[in-house]
Amino acid sequence: FSQKKKSKKISLIKKKVLSRLSKNSEKEFEEFSLVTKKDFWNLQSIDDIGSQIDYFFRGSDPLKPFDCKIEFSETPGILDVTIVTKDRQNLLLNFIEKFIVNKMEVLEARVFTLENNIVIDTFKLSAKSYLEFNDLDLKRKIKKLNEDLKKSSNQDKNKEIVISENNRKNQVLIKKTQISIETIPSKNYTIINVLTNDRAFLLLDILNVLLKNKLMINMAKISTLEDFVEDTFHVQKIFGSKILSSDESERIENQIKLSILKGR
């Protein structure tokens, strides 16, 4: 795709989104569009984008310090979670820790940071163990998750999340692992790609590596494909620069590899 074709594609997506909003306030929509980035429009469905704007960004009320929407997915046993809040270091790591505490597995995630430092994080969580509960139990579970996520916004941003070895799977068969760290495709971000076999707490271990190396996540795409996970992170150093040193890239890559083997 040339730059012109990409821009045309995003313009078409925006028109479709605007046409589906509950109230077609073009001015309000344009103001929101000014703080978004390309990936926000490219990596989500038109319905999902429209739902996010309608729920979190419409009307005259100011944006809440923390806002969360949790609902059942069309797929049985899956929860759709959308969080909108102000970004800070290791925010995603803290959210993942709360999912683990609530015995939920991240099947898919999209993390977007807007130009005004607001994050829109969407997750698909496995909630199969909750199917035995009645409606009241489910409402209580969702309420607790909402409360835990809200508390995580005040969590120590520099604290490494440590999961007891007793809670990890005893056996992990690593059949395939591919890690790449790219600096050329983006002017502002380093892109880290990880493809490996899924296991308990894998995402948490990878995020802890990024934390140790003081890397901020600007965009992330997390996908679980049967036994494999495919994760992509757009990262910057705390002061806004890319990873420029090949030695630094190699060190981070080796640390991620070691973190993947943690669950053995």
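**A helix crossing and its surroundings**

A: Helix 1 and helix 4 cross in a right-handed way. Helices here are DSSP runs of H or I, at least four residues long, numbered from the N terminus.

The model is predicted, so local features need pLDDT of at least 70 and side-chain atom pairs need 80 or more, while totals for chains, interfaces and linings use all residues. Residues are numbered from 1 along each chain as its sequence is written, and side-chain values use heavy atoms, without hydrogens or water.

Now the geometry. Helix 1 covers residues 3-20 and helix 4 covers residues 46-56. Their axes lie 9 Å apart and meet at an angle of about 55°. An axis is a line fitted to C-alpha atoms, for helices over the stretch in contact, and angles run from 0 to 180 degrees between N-to-C directions. The two helices are therefore oblique to each other. Oblique is what remains after roughly parallel (under 35 degrees), roughly antiparallel (over 145) and roughly perpendicular (65 to 115).

Which residues meet? On helix 1 they are I13, K16, V17 and R20; on helix 4 they are I46, D47, I49, G50, I53 and D54. Contact means heavy atoms within 4.5 Å. These residues divide into five nonpolar, one polar and four charged. Ala, Val, Leu, Ile, Met, Phe, Trp, Tyr, Cys and Pro count as nonpolar; Asp, Glu, Lys and Arg as charged; the others, Gly among them, as polar.

Next comes F29, in helix 2 (residues 26-34). Leaving aside neighbours within four places in sequence, F29 touches K14, V17, L18, L21, W41 and I53. V17 and I53 also belong to the contact of helix 1 with helix 4. F29 has 4% relative accessibility, so F29 counts as buried. Buried means under 20% relative accessible area, exposed over 50%, partly exposed in between (1.4 Å probe, protein chains only).

F29 also joins a cluster linked by ring pairs, with F32, F40, W41, Y55, F56, F57 and F112. Rings of Phe, Tyr and Trp (its six-membered ring) pair if their centres lie within 6.5 Å; planes under 30 degrees apart are stacked, over 60 edge-to-face, the rest tilted. The count comes to nine aromatic pairs. One of them, F32 with F40, is edge-to-face, at 5.7 Å centre to centre and 70° between the planes. Both F32 and F40 are buried.

How values were computed: Left-handed = near helix turned anticlockwise from the far one by under 90°.
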